[in-house]
Amino acid sequence: MKKVVLKSQVPDLAKLEKKMSNIGMAFSPAVWQSERIFWPSDFRPGMNQPRLVLRTEVAQTDQPATYYLYLKRHIEDSGLDFVHMTTVGDYAEAIEIVKQMGYREAADVSRQRRTLQLDGHTVLYLDTVEGIDGVFLKLEVEMLEEAPVDAVRATLFETLSLLGLETFMMQTYAELLAGNTLQPYYLPKPV
């Protein structure tokens with residue numbers, strides 16, 4: 001599936017949650033997710049190479065974890081992410097498969113995630129990432145074939161603005177955990 005993704009650091013979580021409450025929306029309870037991110041052995045940033053991610057997810061502590069394997073490929077020129085995901089029955093075997101394919105572990109991201117489904121194609125995530133200060137709002141839109149990417153991005157920028165946010169970021173959580181400085185960009189002004 002093709003997605004357009006935007007993230008923004010949330011300067012005031014209470015203010016954001018109040019805005020959401022005022023329009024009758026609330027995020028789900030938090031789930032814990034741990035993602036082991038693997039890159040091809042010849043990975044270079046900006047080259048549109050696919051990453052493989054093994055995710056462990058715990059929704060309730062008295063229930064067993066669920067494991068997912070997904071492939072994510074960001075296409076710089078278009079701004080699209082190609083994402084394919086499946087559940088995994090044997091986590092250890094999945095890691096061995098990924099390593100045998102020539103991928104190397106690049107990062108481990110652990111977070112608390114709350115979710116809000118806006119419509120059939122748009123999801124908001126509220127992430128608190130271990131090792132990174134602050135809370136982040138991540139917006140994901142599953143692309144419909146007829147929708148132009150620029151129009152979808154403009155709608156996401158508008159959504160961030162309506163929620164009282166002024167900036168967005170392009171960096172991944174893995175990049176921030178690797179020591180890269182958060183580099184926010186101001187939202188474009190509406191025309």
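Analyst: The protein exposes about 11,000 Å², by the Shrake-Rupley method with a 1.4 Å probe. Carbon and sulfur atoms supply 52% of that area. The model is predicted: local features need pLDDT of at least 70, side-chain atom pairs count only at pLDDT 80 or more, and totals for chains, interfaces and linings use all residues. Residues are numbered from 1 along each chain as its sequence is written, and side-chain values use heavy atoms, with hydrogens and water left out.

Of the 191 residues, 42% are buried (under 20% relative accessible area; exposed is over 50%, partly exposed in between; 1.4 Å probe, protein chains only). Four helices and 10 strands make up the secondary structure. Both are DSSP runs numbered from the N terminus: helices are H or I with at least four residues, strands are E with at least two. Their order from the N terminus is β-α-β-β-β-β-α-β-β-β-α-β-α-β. The radius of gyration is 17 Å, close to the 16 Å that the globule rule gives for 191 residues, so the protein is as compact as a globular protein of that length. That radius is taken over C-alpha atoms, and the rule is 2.2 Å times the number of residues to the power 0.38.

Now the strand itself. β8 spans residues 135-142. Seven of its eight residues are buried. It pairs with two strands, where pairing needs at least two bridges found by DSSP. Strand β1 (residues 2-10) runs antiparallel to β8 over eight bridges. Strand β7 (residues 122-129) is also antiparallel to β8, with six bridges. Lys-138 in β8 stands opposite Lys-7. Tyr-125 stands opposite Lys-138 too. β7 and β8 form a hairpin with five residues between them. In that turn, Gly-131 has a positive phi of about 95°.

Leu-13 sits in helix α1 (residues 13-22). Leaving aside neighbours within four places in sequence, Leu-13 is in contact with Leu-126 and Val-135; contact means heavy atoms within 4.5 Å. Leu-13 and Leu-126 are 113 residues apart along the chain, yet their C-alpha atoms are separated by 9.5 Å. Leu-13 counts as partly exposed because its relative accessibility is 28%.

Contacts across the whole protein give the wider setting. Among those between residues at least 6 apart in sequence, 56% join residues at least 24 apart.
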